[in-house]
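Subject: Structure handover

Hello,

Here is the structure we talked about. Please look through it first, then read my notes below.

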Amino acid sequence: MLLQLCIKNVALIDELTIEFTDGMNCLTGETGAGKSIIIDAISCILGFRTSKELIKTGCDSAFVEGIFYTDSQNLNEYLEEMGIPAEEDGTLILQRELSLSGRNVCRINGRLAPVSALKQLGSILIDIHGQNDTQAIIKTNEQIGLLDAYGAEEISDIKKEFSVQLKIFKELSASLDNYSGDPKERERIADLYKFQIEEIEAAQLRENEDDELTEERNILVNSEKIAVALNESKNMISSEDYGAASAKDQIGAVISTLSGIAEYSSDYAELLTRVEEISYLLEDVSSDLRRLSDNVIFDKERLELIEERIDTINKLKRKYGETIEEILEYQGKTQEQLDTLLSAEGKVNEILEKLGKYNSKLKEICRKLNAVREKTAKLLAQRVSEELESLEMSNTKFKADIVFYDEKDENGYYKFTSEGLDSVEFLISANPGEPMKSLAKIASGGELSRIMLAVKTILADADKIPTLIFDEIDTGISGKAAKSVALKLQTISDKHQVICVTHHAQIAAAADNNLYISKAYSDNTTRTSVKKLNNDEKIKEVARLLDGDSESEITAVHAKELIAKFRSN
């Protein structure tokens, strides 16, 4: 349960600490005093979405801290998953700081945590019922969730199984789209792929072939120039006909000269060795020049073939890639696409077969889910009727009407939703003899409040939620109905901590702990404060709520009697 709430710089609140007790806590005060701010602050530490507007004007940040006591095993397991050890005394501290920059800092027992962690813990600790929840009960898409929450023990595992199978079904349906489209268009694309692959295969390309052909073409085109250069180079090295002396003759003369002095110094000997190596190298070069010169022959037919081959490769480059490697890579990818297209029919049949199986399997799960929901709906109707009887709605009949939709779409598949094939609608008959009609059409605001209170009471018992917050649950009710609501809240507080915001004297009179919210003006600033009421102050507040006059002796007597009646229950 919530033991203490600390609020700093939130809306009209500078700094405030509120102590809550077990049993029934009641917040009252003039309209606009700030009761809703306190509920907003609690929502903040429970991980609900908040706005920067919650920060007090003139401040850079706001801070909310909630201190709880809990012995929930689910909560301790969740803390363990997060690596946060549970306190031995069951204390749990949730903190959240908001800043104008939009940054949120959240802590659980002093350790940083994401907002999602606060929200997860919040769903275990507290259930907040506000005016929006009262409106939610008339929405059919919300009603199936309320029914499933009541029957969660049996329904949750079936829904998990359904969700897993539905995900696979949707993935298969999505994969089928890859093979959808006009069969003639697929055939046209397949023909194009075949042509491209055959064109590349016919060329029988080799990697680096274009570079080799270009080099060979350059040699053939310049064969005369190359032959002359090779012959002249050979003659300059070794021909006896070349001028005064060839390079080989001159090197020979150098060797002869150095041989005469080599014995006098190791340096001269080394020079001689190096020149002799040059002589051997010139012999090799001369031999290669002779061989290459003999091989340089202008072949017109070969040149024409090379030109044609280079032209073929360039045409393929313009179509499929800038290099031979890219062309071959394109061929491989196109072959994969062609294989996919050619196997499309087989794949489609395979997927359709699987879809048919999952369609039937999901239908079976939905039937199972429907059967459990039907059983749960009867139990829920009985429980709600019992609760409504204690809320001055004894003649009201309640029913959770379930319709199983097993219609198929144009492809022969059932129209599954995330909830299965069921549609749930809450129906009531407020008076004897009246037919059951939709809750949204015939229930008044006061009736909706009491129906929602009944449902929340039942769900709280099922979920074992320790704290229930009711923000103006008394909307649209008065007199005897208000007393019944007060008694119901008092009964709920035997098993759960109850925190309620009210304008009704009966509900305030039933509370174990009364907190008065007020606002004051000073220094051009409005500030909200909270006061825990003692017995005399509680009597005055109940009197004020009865007729607006807390000083009237008659009203005070009435207030005392009202409080006494609730204490005797």
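Lys 399 has Leu 427 in S10 as its bridge partner. The two strands involved are S9 (residues 397-404) and S10 (residues 422-429). They run antiparallel, with eight bridges between them. Strands pair here if DSSP finds at least two bridges between them. Helices (H or I, at least four residues) and strands (E, at least two) are DSSP runs, numbered from the N terminus. S9 has two faces. Phe 398, Ala 400, Ile 402 and Phe 404 make up the covered one. Lys 397, Lys 399, Asp 401 and Val 403 make up the uncovered one.

A word on the source. This is a predicted model, in which local features need pLDDT of at least 70 and side-chain atom pairs count only at pLDDT 80 or more, while totals for chains, interfaces and linings use all residues. Residues are numbered from 1 along each chain as its sequence is written, and side-chain values use heavy atoms, with hydrogens and water left out.

Now confidence. pLDDT is the predictor's confidence in each residue, from 0 to 100. The protein chain averages 84, and 93% of the residues score at least 70. Strand S4 (residues 61-69) has the highest mean, at 93. Helix H4 (residues 131-136) has the lowest, at 60. Where pLDDT is low, the predicted coordinates should not be read in detail.

Next, the cores. A nonpolar core is a set of buried Ala, Val, Leu, Ile, Met, Phe, Trp, Tyr and Cys residues joined through side-chain atoms within 4.5 Å. Buried means under 20% relative accessible area, exposed over 50%, and partly exposed in between (1.4 Å probe, protein chains only). The largest core has 58 residues. Those touching the most other members are Ile 137, Phe 426, Ile 451, Phe 470, Leu 489 and Ile 507. Helix H16 (residues 445-463) gives the most to this core, nine residues. Ile 451 is in contact (heavy atoms within 4.5 Å) with several residues beyond its neighbours within four places in sequence, including Ile 137, Phe 398 and Ile 428. A second, separate core holds 45 residues, among them Leu 27, Cys 44, Ile 108 and Leu 118.

Then the sheets. S3 (residues 24-29) runs parallel to S13 (residues 497-501), joined by four bridges. Met 24 stands opposite Val 498 in S13.

Another open sheet of six strands is antiparallel, in the order S2-S1-S4-S5-S6-S7. Its twist averages 15 degrees from one strand to the next. Six bridges join S1 (residues 2-10) to S2. Leu 5 has Ile 18 in S2 as its bridge partner.

Is Ile 310 buried or exposed? Ile 310 counts as buried because its relative accessibility is 11%. This residue lies in helix H12 (residues 300-320).

Best wishes

Definitions and conventions. Axes fitted to C-alpha atoms, helices over the stretch in contact; angles between N-to-C directions.
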